[in-house]
Number of protein chains: 2
Amino acid sequence: MTLLLSSALVTPGFANDSANKSVVFTEKEMQTAAWIRDAARADNMSYKILESLTTEVGPRMAGSPGDARAVAWAEAKFKELGFDKVWKEPVTFPAWKRGVEKAEITAPFQQPLVITALGNTVATPDQGITAELVEFASLKEMMLAPSERIRGKIVFINHKMQSSNEYGLVVPGRSKGASEAARKGAVAIVIRSVGTDSHRFPHTGVMTYDADVAQIPAAAMSNSDADMVARMIKRGKPVSLKLEISASAAGSYTSYNVIGEMTGTELPNEYVLIGGHLDSWDLGTGAIDDGAGCAITMAAAEFIKRNGIKPKRSIRVVLFANEEQGLFGGKAYLAAHQTQISKIQAAAEADLGQGPVTKMASFVRAEALPLVKQMHTVLAPLGIEPGDNNAFPGPDMGDLRMAGAASFGLALKADDYFNLHHTPDDTFDKIEPARINQAATTYAVFAWMAAQAPISFGSGVELLKASK
Amino acid sequence: MTLLLSSALVTPGFANDSANKSVVFTEKEMQTAAWIRDAARADNMSYKILESLTTEVGPRMAGSPGDARAVAWAEAKFKELGFDKVWKEPVTFPAWKRGVEKAEITAPFQQPLVITALGNTVATPDQGITAELVEFASLKEMMLAPSERIRGKIVFINHKMQSSNEYGLVVPGRSKGASEAARKGAVAIVIRSVGTDSHRFPHTGVMTYDADVAQIPAAAMSNSDADMVARMIKRGKPVSLKLEISASAAGSYTSYNVIGEMTGTELPNEYVLIGGHLDSWDLGTGAIDDGAGCAITMAAAEFIKRNGIKPKRSIRVVLFANEEQGLFGGKAYLAAHQTQISKIQAAAEADLGQGPVTKMASFVRAEALPLVKQMHTVLAPLGIEPGDNNAFPGPDMGDLRMAGAASFGLALKADDYFNLHHTPDDTFDKIEPARINQAATTYAVFAWMAAQAPISFGSGVELLKASK
Ligand SMILES: [Zn+2]
Ligand SMILES: [Zn+2]
Ligand SMILES: [Zn+2]
Ligand SMILES: [Zn+2]
């Protein structure tokens, strides 16, 4: 394959960055990009990498023993895959430990519930908390209710997520519900899981406490249990819940963003930034969240390297530490690299499952839009629609974009993502080779073209202004 | 509705049982049966009854506190539904208690597994059992293997159930695997769950020990975990499992078959026997197994009563105790009624989920076959195919049939049954009103016509012989 491509690699003279001059990929570059698209479709490296991560590491909650094993795995895997440079950058955060998590309805009908503690929650007293449940259809409804209805009770936010588009709508009940409930005197909060499935799995996820109110325990029950509890409440008699949580803060922990780079030929200090987050929740093995994102982007860079199609700029794959509990890896990356935002040719994270990619949005200066159009021409046969020029590159790269990094949004199809998200059911057997491979192929084409582009995609204040 | 039917209820003179004379349902009886079929389709009593059982009782493993609550619920519900007679018959069995159940792979890659103890298993020592796994594709393959491969190890039976037809093929690994493994020196057994889903739920179920070998602990892991463990084993290095089970025998327990009867007008001592089993496994709330069977048959009889369409014979609904751990309720029923097998006009249990009914088989004497044909004529518009005359009436009625009770097999569609069977996911939210209502409608038509039939469907040695 390397030989086959050698002619394509005789690139024309490097076109210097020149404003207001229409610059485009050469015909040979377009052919190389199309070759990557077609050849990578028959590859299965992303599937293999994810198989390795989920089998050899499995759950890797930030700050847990699995976190350290995942960092070691990532370093070794980058090296095994032939990345030119492999290194780690420290990420320090407060760790949180899961413990016992049990709940049962004690009256009027005794029944155990399937629940999980929300990340960052405090514990209940050892004997648990037993109190009457008070149900609300949403966080908003709870916030409008008088404190008298809530004081001394356990708030039950029964907000059903109807489709994958509703994550943003429903998730505040998980992330902010405890403090809002505490403000009205609640002794604990349990929510309907934020997820689209109807299985008896609870969905975990992070929550945070406001500084000005009491910290009360927070847990999520499965959708099946929420249905049942709602049926009990409908009968009109008081429904009591006993909640036992022994989670705890576990001190400061230092993990790592693990980074692998394929060095560019002409502008090695400029780079295309791709990646996912290496940490996962602990209930499953983090296959779709976000082993898939790690595997897709590692495989994309590896495919380019393996086939000897070196682009001008470098391709950097960052596996971010602790995304789940507060974007700590992304923040650490920004802090370590904020004086070099202009070195980032384009940033794009994969963190919405196994693919396929359905749309490509950009966030580049106007002069680069013809190049984006050419990139889309190559990708369109994969079923990818064109997007706008106001892309969001993903959670760990969001702050980079706000700091002016050129970005791409390679939208992953998420129709089934929130069935599995943050549950025990997020395991490798859910991965379909054709889906993840389409995503890896897309990232390979994107990364190579962005790294090979004749001009910078822009950065900084100028880019932020222009995009308004 | 009662008024509407009053004309149909003016039945012609009772046709006495007369061998070799072709006896058929009258036109009015056929009209009444068709009316039941059409009117019951708009009913939703079975759905309501199941909602009540799963919400107000939930898990009801034989011998657990839920068992007693279920018995109380059933008695009260029969009365509430207007059954003419409601009573209980004692069923005594050895109880078994679930305790801690934990497993993790300790080498070469540390990962927790999602497992459950199999019903009736002994415990591990407090510190657990840690040993190398030895994998077999089936119980049969394990039985053919030399003891040297197995001695001192934990047997892993990785037999994947591919479709709902394979339950009988795969389940011996669960029920008999422990003793067969112990015979070859294994220290424990873990099986791939017997189920067709690919979720991270373990499927429990009963196992038994042979008297002549050591009793070793037995557990099942989810299909997702079995996939993962198999991937680890494929890497060729020894894979070690740590298993902790604290289940225990819990002495003798007396539960009850709970029985409700609608009394017949002319032959009240003869009866159509329908029902399901009241006990469930403890992981879910026993919606499809077998709350559905209880609800379907209770609703069928209740519909007939509510509409004043009294048949000649009685309709008896039996909710059997402890089917799951060894058909104890069915055996007790046979023991209590074995001298009156001839009083059973027809027996049919519902224990394969929420419906719909797809086929009707019979086990009746030849003279009654024209009546069966008429019954099928009424039921055919519900999508029910005719079956043979060698029906099996269901697990708790199997021994009655072997003792010569006329039987019907109303086959329930089980395509998704073994996704949920014996898992935490067996909950009410999986029930579709149209499906369960079709089954209740079918049972209502069947029960009424069988109870109204002009002749006996036969019984005893004569019936058993004739069916050969
Ligand atoms: Zn994620
Ligand atoms: Zn996540
Ligand atoms: Zn059953
Ligand atoms: Zn069962």
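These legends walk through close-up views of a predicted model. Local features need pLDDT of at least 70 and side-chain atom pairs count only at pLDDT 80 or more, while totals for chains, interfaces and linings use all residues. Residues are numbered from 1 along each chain as its sequence is written, chains are lettered from A and ligands numbered from 1 in the order written, and side-chain values use heavy atoms, leaving out hydrogens and water.

**View 1. Who holds the zinc ion (ligand 3).** Donors here are N, O and S atoms within 2.8 Å of the metal (3.2 Å for Na, K and Ca); water is not among the atoms, so sites may look incomplete. Along the chain, the donors are spaced H-x11-D-x61-D.

**View 2. B:Asp289 as a bridge.** This residue links the zinc ion (ligand 3) with the zinc ion (ligand 4), and the two ions lie 3.3 Å apart. B:Asp289 is buried, because its relative accessibility is 3%; B:Asp351, at 12%, counts as buried too. (Buried is under 20% relative accessible area, exposed over 50%, partly exposed in between; 1.4 Å probe, protein chains only.)

**View 3. Where chain A meets chain B.** Here 32 residues of chain A touch 32 of chain B, with contact meaning heavy atoms within 4.5 Å. The rule picks out 6 salt bridges across this interface, each a side-chain nitrogen of Lys or Arg within 4 Å of a carboxyl oxygen of Asp or Glu. A:Arg231 and B:Glu51 pair up in a salt bridge, at 3.5 Å from N to O.
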